[in-house]
Amino acid sequence: MDPSADAFAARREQALAAISRAAARAGRDPGGIALLAVTKGHGPEAVRAAAAAGQRLFGENRVSEGAGKIEAVRQEWPELSWRLIGTLQANKAAAALQYFSALESLDRQRLVERLERLLAETGRRWPVLLEVNLGAESTKSGVAPGELEELAGAALAAPHLEVRGLMAVPPYHEDPERSRPYFRTLRELRDRMADRFGSKFSELSMGMSHDFEVAVEEGATEVRLGTALFGSRTAA
Ligand SMILES: *Cc1c(COP(=O)(O)O)cnc(C)c1O
C-alpha cells in the first residue's frame, strides 16, 4: 500500500466514516468510539504519515518494537499517545511504564503485583484494561471469563492501577458476523463487572480491521486497526 501521508489520510477517513455508519446503525454517538492505530510490523514512517493525518492514539504489541518507534518519532511528535496491546512480560514491565500511557492487556495477578510495586515507587497511576480470552484459545493471552472477577478484584485493589474496562481478540473468522457473539459476550462481562465493582469499567476495546464495524454495533468504545490503515504487515 502507498505509505504516503495523503494515502493514509484517505484510509483513515474511510475507517472513521465506517465507524460513524456503524454507530448510527446502533443508535450510538460516534464521538464515544476511539480509533487506535496499530503500527506493529510497520516502521516510524508509518507513524509519521498517520500523525500528519491527525492520528494521535497508537498501539503496539511488543515493548521493544514500540520503544524503538516511539523514540524515533518522539521529538517530532511529542503529542502522540501509545497503548500497549500485547502480552507484557514481567521483565519488560519497567520499560512498558516508561514508554506507554496505558496497558490494554492485563491478564494475570502476578503482573498486577509487579506493576503496582513499580508504580508505587513513583506514585504514578497507570490506566489498564483487562484482557479476556473469549475463545479459550491456548495460543492467545487473556484471562478466562471465569477468572475475570478475581483478576478485576486484584487490579482494583492496587492503588496505582486505574482499571478502565475490558479488551479482547476473539477467534479469527473471515466472516465478521462470527465475531459478533464474542463482542456481545465481552460487553455482557463488562456490564457484570460494572455492576459488581461500580462504574470503573467504561471502556470496551474490541474490533480489528476485518470486524470493527460489528464491534461498534456491539458497543466498542475503541477499535484497534492495523491492516485497514497501514496495509499488510511484512512477515516478522
Ligand atoms: C495486530 C493487532 C491488531 C490490529 O490487527 P489488524 O487486523 O491488522 O487490524 C489489533 N489488536 C491486537 C491486539 C493486535 O495484536
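## Ligand site and an aromatic pair

Around the ligand stand Val 38, Lys 40, Asn 61, Ile 85, Val 169, Met 208, Ser 209, Arg 224, Leu 225, Gly 226, Thr 227 and Arg 233, each with a heavy atom within 4 Å of the ligand. This is a predicted model, in which local features need pLDDT of at least 70, side-chain atom pairs count only at pLDDT 80 or more, and totals for chains, interfaces and linings use all residues. Residues are numbered from 1 along each chain as its sequence is written, and side-chain values use heavy atoms, with hydrogens and water left out.

By class, this shell has five nonpolar, four polar (Gly counts as polar) and three charged residues.

| Residue | Protein atom | Distance to a ligand oxygen atom |
|---|---|---|
| Asn 61 | polar side-chain atom | 2.9 Å |
| Gly 226 | polar backbone atom | 2.8 Å |
| Thr 227 | side-chain N or O atom | 2.5 Å |

The ligand taken alone exposes 390 Å², and the protein buries 91% of that; accessible areas come from the Shrake-Rupley method with a 1.4 Å probe.

The whole structure holds three aromatic pairs, with ring centres within 6.5 Å. The rings of Phe 58 and Trp 82 have centres 5.0 Å apart and planes at 25°, so this pair is stacked (planes under 30 degrees apart). Phe 58 lies in strand β2 (residues 57-60) and Trp 82 in strand β3 (residues 81-84), so the pair links distant parts of the chain, 24 residues apart. Strands are DSSP runs of E, at least two residues, numbered from the N terminus.

Methods
A polar contact is a pair of N or O atoms within 3.5 Å; within protein, one must be able to donate a hydrogen and the other to accept it, and residues adjacent in sequence count only if both atoms are side-chain atoms. Rings of Phe, Tyr and Trp (its six-membered ring) pair if their centres lie within 6.5 Å; planes under 30 degrees apart count as stacked, over 60 as edge-to-face and the rest as tilted. Helices (H or I, at least four residues) and strands (E, at least two) are DSSP runs, numbered from the N terminus.
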